[in-house]
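Welcome, and please open the model in your viewer. We will walk through it one selection at a time.

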Amino acid sequence: MKLEIKNLSKTYGEKEVLKDIDFTFEEGKIYGLIGRNGAGKTTFFNCLNEDVEIDSGKFTVIDKYGENKLKTDDIGYVISTPTVPEFLTGKEFLTFFLEINKDKLTEEKTIDEYFDLVKINKEDQDKLLKEYSHGMKNKMQMLINIIANPKILLLDEPLTSLDIVVQEEMKKLLKEIKKNHILIFSTHILELALDLCDEIVILNNKKLELVEKKNLNTKKYKDKIIESLKEENND
């Protein structure tokens, strides 16, 4: 499976954020989307997810069944600040989500098995979501996206504010689910992307550029990338 992007452009008023982007993402990989704060990473995700109207562009999913226009059902979107129904307990929320998505489930698991995927303890399952920490809410957001099983998972700075233990748990989970999916992981932290991702994509000067990951392990090339990012106006 591939996600092919052709001629994507997006402006806000007179401000050009993305310009004539052509890029192809492939199944089975985690792509690290790198760029300065304000470079347009979230705008790029919002364009794919149809949260904003694009000026031009075409998104196509290519798989064994042929070529089809990208649909919102093909995408899961994990945002940096999770939004969950805080009046429900973790178990109530998960039970409700499983019920309304039962036709999409590819395998049967118990409630406990689903919670085990994201390392949420039994004693926390009956707590109200408003009592969950930021990291636990983030885990719940990740869990429902895994259950929905989208072809493409957009991850917008999902690990930045998590403690190191939760970060490692989430990184392990992402590596486990990348098979048969396309994962695009946005971050402004280069070291995090190098640790987690199979491919590194730079969003700079309104374009996407794939860079050799091995090159980023050399100080000379890494410094070159950082300097190019510095030259871009902070959008």
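**A walk across the sheet**

Start by selecting β7 and β8: five bridges join these two strands, which run parallel. Strands here (E, at least two residues) and helices (H or I, at least four residues) are DSSP runs numbered from the N terminus, and two strands pair if DSSP finds at least two bridges between them. Within this pair, D156 stands opposite S186 in β8.

A word on the source: this is a predicted model, in which local features need pLDDT of at least 70 and side-chain atom pairs count only at pLDDT 80 or more, while totals for chains, interfaces and linings use all residues. Residues are numbered from 1 along each chain as its sequence is written, and side-chain values use heavy atoms, with hydrogens and water left out.

Stay on β7 and colour by accessibility. Five of its five residues are buried (under 20% relative accessible area; exposed is over 50%, partly exposed in between, with a 1.4 Å probe and protein chains only). I152, L154 and D156 lie on one side, L153 and L155 on the other.

Now zoom out. Six strands form an open, mixed sheet in the order β6-β7-β8-β3-β9-β10. β6 (75-78) and β10 (207-211) each have a single partner strand, so one side of each is left without a neighbour in the sheet.
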